[in-house]
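Notebook open, structure up next. I'll jot down what I looked up, one topic at a time.

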Amino acid sequence: MPGKEKLIQWVEEMARQTEPKRIVWCDGSDEEYHQFIEEMQDDRSLIRLNQKEYPGSYLHRSHPSDVARTEKLTFICTTRRADAGPTNNWMSPKEAQTRVWPLYHGAMQERTMYVVPYLMGPPGSPLARAGVEITDSLYVAVCMRIMTRMGRIAMEQIGRTGEFVKALHSLGDLSPERRFIVHFPKGDEIWSVGSGYGGNALLGKKCHALRIASVEARQEGWLAEHMLILGVQSPRGEVTYVAAAFPSACGKTNLAMLMPPPELSGWRVWTVGDDIAWMRWGDDGRLYAVNPETGFFGVAPGTSAKTNPNAMATIRRNTIYANVAMTHDGLPWWEGMDGPSPAEAWDWRGHPWSPASEDKASHPNARFCSPATQCPCISSKWDDPQGVPISAILFGGRRARLTPLVLESFSWSHGVYVGAGMATETTAAQSGAVGVVRRDPMAMLPFCGYNMADYFAHWLAQGGRAGAVLPKIFQVNWFRQDENGKYMWPGFGQNLRVLQWIVDRARGRGAVVETPVGFLPDPKAIDTTGLGVSEESMRDLLAIDTEAWLAEMEEEAAFFGLFGSRLPEELRREMSSQEKRLESANAKGGR
Ligand code: GTP
Ligand code: SPV
Ligand code: MN
């Protein structure tokens, strides 16, 4: 059936269930966007910020119980439970029909249904994929306009190919009791009800571009990953592209927009993407990455001119903020922003706030939503349909102890093992406890749409591709703490010093020290002039505690045990070789 008819039929079907007052087909135009913004001010779902200081910018306050992704209420819907795997919540298609579908019945009565066609990936790219989100939230529609290529351009592709992901979203009654985010990888369908928050509701992002796309990528031989993409430019003008997976709120946006410190003059970092990478093998054997998105949905708290000046410039106009505080002058504010705290403000819930208040002014997971083109360091290739060739892949988590500042894996399969064994401390980006160490393979634990054992196998299989020019795989950790709980590494712009070594290694240069867990930089290989980190701290940041690693490997083994016989043999081999290397080093008294 031609795409347009298929789409009309689906929209009619969804309208019969949800019973909207009216249906609006979005064309993605500027006029439409501005009209939506006007309507949202009228119904008070958007508050106008100070237009002199923040032109085109607004604040959205969400329901206080709806401020982060709810992983517990996120499901993969497959006929067989094993296909979702032990790390995903599973629901049978039948159960979804009886438990979730009825929640849509009459859910849009007295509301407008917005039909939002969108494209993920640059138009004309072999990786451009279309979707249509049906939503009763204007906040969702305006954020989708920023985050995706919305409207006509998507309709063209749908009309031509007849293929699109069907994404149904309703705010429902916003009760966490009746909140579900359900994915049907087989039918390319997503149902989300009961939440208006980012990753739960902007369905092109995590639901489509990661959970659904990861299944498609496995079938078609490419990769859909929770990764930033950046280009590092050396003073000689050589640009090296890097993709990096860090879990939510662990530094992707910050690294993607890195501002080189003055001591490292001549170096530049160009942003291609800050959250999601779609990567495919090119005819020349290299791995090419595109950013499927067109905007940044980033963490506000901690963002300042000191930590991320490029983000501060990006979010100065045309930005939809969510759950930040607002000063009496209509300026957005959050903890960790520049300058002193305002003497008085409204907190993220709209209650009066002062520095004496017990609660934070901004929600820790408050976000900004801004167009990518506003970023001062946006790469000239950020929307290149072919993508950028990746020379290095980084895996990083938030670990107070154990994992060093940087290490290089011995091989592709060792690198896959390093990524699969990753762990991190939880953050405010997902509801639940903060600061608990959990395994988060490749930062994809909440986003892999199928059994993660098969996901590891898919990654391993890439290493055996004929003619593939494999990127080198690294692990990084910006979050090591000393015994007083202070970060030992200054991070942010200074992370460029680590990127320099990574670029050297990717280009076959740079000195290393071999350890049981990977290659570490030779102590002199990281330039520390003007850094203010003592030699002793650098030693600690690059130390390998073999006993602690062996203890970690027990936890890792318990996690891998969840997958039973489905865990790839190659991963088991990497794990046991690493264990042997550690044991033998330990017997000799450490590294
Ligand atoms: P998501 O959008 O949730 O996927 O997060 P993200 O991975 O893009 O994380 P982001 O860059 O927004 O950073 C999250 C938090 O980590 C912010 O509060 C940052 O200030 C902090 N952060 C980022 N980079 C560094 C760093 O190098 N060192 C330290 N100490 N903190 C950092
Ligand atoms: C994340 O939580 O990883 C985010 C924000 O990037 S969300 O859009 O909610 O997924
Ligand atoms: Mn993310």
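Which side chain does arginine 439 meet in a salt bridge? I found glutamate 552, at 3.2 Å, N to O. My cut-off for a salt bridge is a side-chain nitrogen of Lys or Arg within 4 Å of a carboxyl oxygen of Asp or Glu. Arginine 439 sits in strand β28 (residues 437-439) and glutamate 552 in helix α15 (residues 546-561), so this pair ties together parts 113 residues apart in sequence. Both arginine 439 and glutamate 552 are buried; buried means under 20% relative accessible area, exposed over 50%, and partly exposed in between, with a 1.4 Å probe and protein chains only.

Ground rules before I go on. This is a predicted model, where local features need pLDDT of at least 70 and side-chain atom pairs count only at pLDDT 80 or more, while totals for chains, interfaces and linings use all residues. Residues are numbered from 1 along each chain as its sequence is written, chains are lettered from A and ligands numbered from 1 in the order written, and side-chain values use heavy atoms, with hydrogens and water left out.

I searched the whole structure and got 33 salt bridges. I looked up arginine 152 with aspartate 27, which meet at 3.9 Å, N to O. That pair links distant parts of the chain, 125 residues apart: arginine 152 is in helix α6 (residues 152-161), aspartate 27 in the loop between β1 and α2 (30-42). Helices (H or I, at least four residues) and strands (E, at least two) are DSSP runs, numbered from the N terminus. Arginine 152 is exposed at 57% relative accessibility, and aspartate 27 is partly exposed at 28%.

Next I checked glutamate 293 and lysine 205, a salt bridge at 2.9 Å, N to O. Glutamate 293 lies in the loop between β17 (287-290) and β18 (295-299), and lysine 205 in helix α8, 88 residues apart. Are these two buried or exposed? Glutamate 293 is buried at 1% relative accessible area, and lysine 205 is buried at 4%.

**Manganese site**

Which residues coordinate the manganese ion (ligand 3)? I noted Lys206 (NZ), His226 (NE2) and Asp275 (OD), at 2.1 to 2.6 Å. Donors are N, O and S atoms within 2.8 Å of the metal (3.2 Å for Na, K and Ca); water is not among the atoms, so sites may look incomplete. The spacing along the chain reads K-x19-H-x48-D. Lysine 206 is in helix α8 (residues 204-220) and histidine 226 in the loop between β12 (223-225) and β13 (227-233), 20 residues apart. Lysine 206 is buried at 6%, and histidine 226 is buried at 0%.

I traced an open sheet of 4 strands in the order β21-β20-β22-β23, with antiparallel pairing. Its edge strands are β21 (332-333) and β23 (352-353), each pairing on one side only. Strands pair if DSSP finds at least two bridges between them. Strand β20 (residues 325-327) is joined to the antiparallel β22 (residues 345-346) by 2 bridges. Threonine 327 has alanine 345 in β22 as its bridge partner.
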